[in-house]
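This report describes the fold of one protein chain for a reader who is new to structural analysis. Please keep the sequence and the model in view while reading.

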Amino acid sequence: MSFITELKRRNVVKVASVYLVTAWLILQVVAVVSPYLNLPKVFGTYVTVAMIIGFPIVCIFAWAFELTPEGIKATSEVSKDDSIAKQTGHKINHILVALIVVLVVYVAVDKLWLSSAPTVIETAAAVDVEEAKSVKTLAVLPFLNLSTEPDQEIFVDGLTEELLNTLVRIPELNVLGRTSSFAYKGVQKDLKVIAEELGADYIIEGSVRKSQNNLRITVQLIDAATGAHLFSDNFDRQLENVFALQEEVSDQVAAALKLNVVHQNDRYTAALNQLTYVEVEQLVRARALTHKLTTDSINQAKRILNPLLAKYPDISAILGLSAYVATAEISITENVSLNEAETIALAEAALELDPLNRDALYTLAVIYDDYSQLTDKAIKIYQKAIRAYPYDFNFIHAYFINLIVKKTPCEELDSFYNSLELEGLEDKDKNALRYFIQACHSPEEAERYKSTVTTDNVERYIEFVDLLQYYIRVEKSYRENPNQRNAFWYYYYLQLLGATNDSKAVLDDIDLSSRGFWAAYTYTTSYFTDIALPEKSWDELWQALVHNTHFSIYADDALVLFDMAQKQEQLAQFRQRIAGLTPPDVSIEQLNNLSSYVAILDKLGEHQKATSIANKALRRLEEYKNLYPREYVFYRLSVYELLLNLTSRQFAIAERILNNYPDRSELAWWYLEPTRYLYKDIADQPVVQQLLSSIEQEQTKLREELGLH
């Protein structure tokens, strides 16, 4: 009798088949129920190993023993005539068939039903998996009692539990419960092994040593994968109020954990040497609240920062962040806690302590780049910051916008892009920069480039040369977050287009009684309309719009100041104040402020001076057009050529420019009523009448396209 035949006779093959199918089903069950029972990941491994070890044992048992009516006997003791192996084999066949049926049903359900679920369900499951991966699992091992007093054990266990209760409030962490953690009390095992058994990414361990009334609590945060100590600190405290002490230490450890695991931001490194972990975590919270860009969130950030600033008036991290928050408050809300000079003083104090404080550098740069006379100063700060922080896109973004506002030639934009450390930037940011530069070179080339990229919002910088794109972004921003800034800009562009009914609905979201920028700008935007406005003196409006000694007044605002001064008999004082401001340079970079400046000089009766400056600016424009004809069109500089020729009363040239305007749809973005007021002294000129008529036509057409009323 061959060996194979004997294996079959003794049912070894059948027993092995039943074992394998049963083992496979057991492993599927383990895989399904383990997550719900919170079983450690290693449990599945143990079961698999046990099944592998059991297989040869079962096969040997089937060979060596046989089931008989009298029970299990050694096969050698059972004669072939008395053997019932054949009948046993039939029973095993039935069991095997039943198991195979279960196996087939499982595979059918898994592959044909679960796997064919709708795409939406698969997508949602994928999102859940990604979220699960982003949440870190933490185990807090029971702290060791290094004191000689046994009753101290209660305090030590209480400290561990207090820490657990504090850490579970961190949404970015999955903190294992007390039962899992305390199972390792007194267990001597390698931390990597414990972490694997618990399925933890991080381990916290600690010890408590008591000497009379003095306590030293040592806490360590360990990366389970590498064994590296991410955080280690000693807390030396007095044992006066046990419960307050437990809470204090747990808060400090929770803050340290978030700083080391969740936030991982190097801007707080220096502050950690000067502040407690809780205080540094407060800085993190203040920044996160500020980035929500609402009045309420910024007020919350101030409530966190103000006590810290009072307690630590000479810590750069607090000074810089306070300046940053003050700038955000002015930029976003209806409040003004600090004026521009006070904000600059905070930022400069931060830089004295730390010349590379990111918040202070950014604050100064964004304040300076609001004024065309200070743009070069802002540019130098941005360049310094980009050198120091080459992967911080906030600086690159703001600097690039400044280059656009300065009408920088395409080749220089290209050089800037190539100077960046591109490997450290995100694709979406690189693509947006690249697309704008391509558009500057050639619209066709830009469109080809756009068709090759996969990231969103690749046209983000085009809005700075295409006001329709800017309007679309402004409307979207307002819908998502109707803060004062977003509400004003949406209101402004609706008014610009003559969408009176739509703009009145947005006006309710703006606090006209506040001291902020947006109340003043909303007032001037509404001035030439029939909207009822609060009483405001000329001097009050001047103080709200003019913040230093530089002329940086938008044309529409300047016209309102002029008209109010005229009506309130303040024209002499208005002329005196305008003369006391540093005027913009006659340059391409300062064309926007320059056109406003010459327009207001002309309204004040200083025609000769206004004409002289306008003609100098026109010569600069002509030089730029000859040097950079492509950029002249790309940056839409014909608008300045038209404005300056009207100011200098060169009507024939102005008419020729208007008739040959590159894109007449741009005229929709001229604010009609202020334009009518600006040129009322020359309203009889055909070119002025044609301009006003064209503005009305283009605005009507665009309102219809956008569905505005």
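## The largest cavity

Helix α27 gives the most to the lining of the largest cavity, with 3 residues. Helices and strands are DSSP runs numbered from the N terminus, a helix being H or I with at least four residues and a strand being E with at least two. The model is predicted, and local features need pLDDT of at least 70, side-chain atom pairs count only at pLDDT 80 or more, and totals for chains, interfaces and linings use all residues. Residues are numbered from 1 along each chain as its sequence is written, and side-chain values use heavy atoms, with hydrogens and water left out.

A search of the whole structure finds 1 cavity of 30 Å³ or more, and the largest cavity holds about 80 Å³ of space. A cavity is a set of points, on a 1 Å grid over the protein atoms alone, where a 1.4 Å probe fits but cannot get out; lining residues have an atom within 4 Å of a point. The points are joined across faces, edges and corners, and the volume is the space filled by probe spheres set on them.

The lining consists of Ala599, Asp602, Lys603, Leu646, Thr647, Arg649, Leu678, Tyr679, Asp681 and Ile682. Two or more of the lining residues come from each of α27 (591–603) and α30 (638–647). By class, the lining divides into 5 nonpolar, 1 polar and 4 charged residues. Here Ala, Val, Leu, Ile, Met, Phe, Trp, Tyr, Cys and Pro count as nonpolar, Asp, Glu, Lys and Arg as charged, and the others, Gly among them, as polar.

## The protein as a whole

The secondary structure comes to 33 helices and 8 strands. Of the 709 residues, 48% count as buried. Buried means under 20% relative accessible area, exposed means over 50%, and partly exposed lies in between, with a 1.4 Å probe and protein chains only. Among contacts with a separation of 6 or more, 62% are between residues 24 or more positions apart; a contact means heavy atoms within 4.5 Å.

Strand β6 (residues 202–211) is mostly covered, with 7 of its 10 residues buried. The table lists strand pairings; two strands pair if DSSP finds at least two bridges between them.

| Strands | Sense | Bridges |
|---|---|---|
| β3 (residues 136–140) and β6 | parallel | 3 bridges |
| β4 (residues 144–145) and β6 | parallel | 2 bridges |
| β6 and β7 (residues 214–223) | antiparallel | 10 bridges |
| β7 and β8 (residues 229–238) | antiparallel | 9 bridges |

Ser207 in β6 stands opposite Leu144. The bridge partner of Ile217 in β8 is Phe235.

The turns can be followed as well. The hairpin of β6 and β7 has 2 residues between the strands, and Gln212 takes a positive phi near 55° there. In the hairpin of β7 and β8, 5 residues lie between the strands, and Gly227 in the turn has a positive phi of about 80°.

## The disulfide

The structure holds 1 disulfide, a term for a pair of cysteine sulfur atoms within 2.5 Å. Cys410 and Cys440 form this link, with their sulfur atoms 2.1 Å apart. The link is left-handed, with -80° about the S-S bond. Because Cys410 lies in helix α17 (residues 410–419) and Cys440 in helix α18 (residues 427–441), the pair ties together parts that are 30 residues apart in sequence. Cys410 counts as buried at 0% relative accessibility, and Cys440 is buried with a relative accessible area of 1%.

## Two helices with buried residues

In helix α14 (residues 358–368), 10 of the 11 residues are buried. Among them are Arg358, Asp359, Leu361 and Tyr368. The cover over the buried residues of α14 includes α10 (277–290), α12 (316–332), α13 (340–353), α15 (375–388) and α16 (393–405).

Leu164 is placed in helix α6 (residues 152–167). Its relative accessibility is 6%, so Leu164 counts as buried. Leaving aside neighbours within four places in sequence, Leu164 is in contact with Val140, Val175, Leu176, Arg178 and Ser181. The C-alpha atoms of Leu164 and Leu176, 12 residues apart along the chain, are separated by 8.3 Å.

Technical notes: 1 Å grid on protein atoms, 1.4 Å probe; cavity = no way out; pocket = protein on both sides within 12 Å on 5 of 7 lines; lining within 4 Å.
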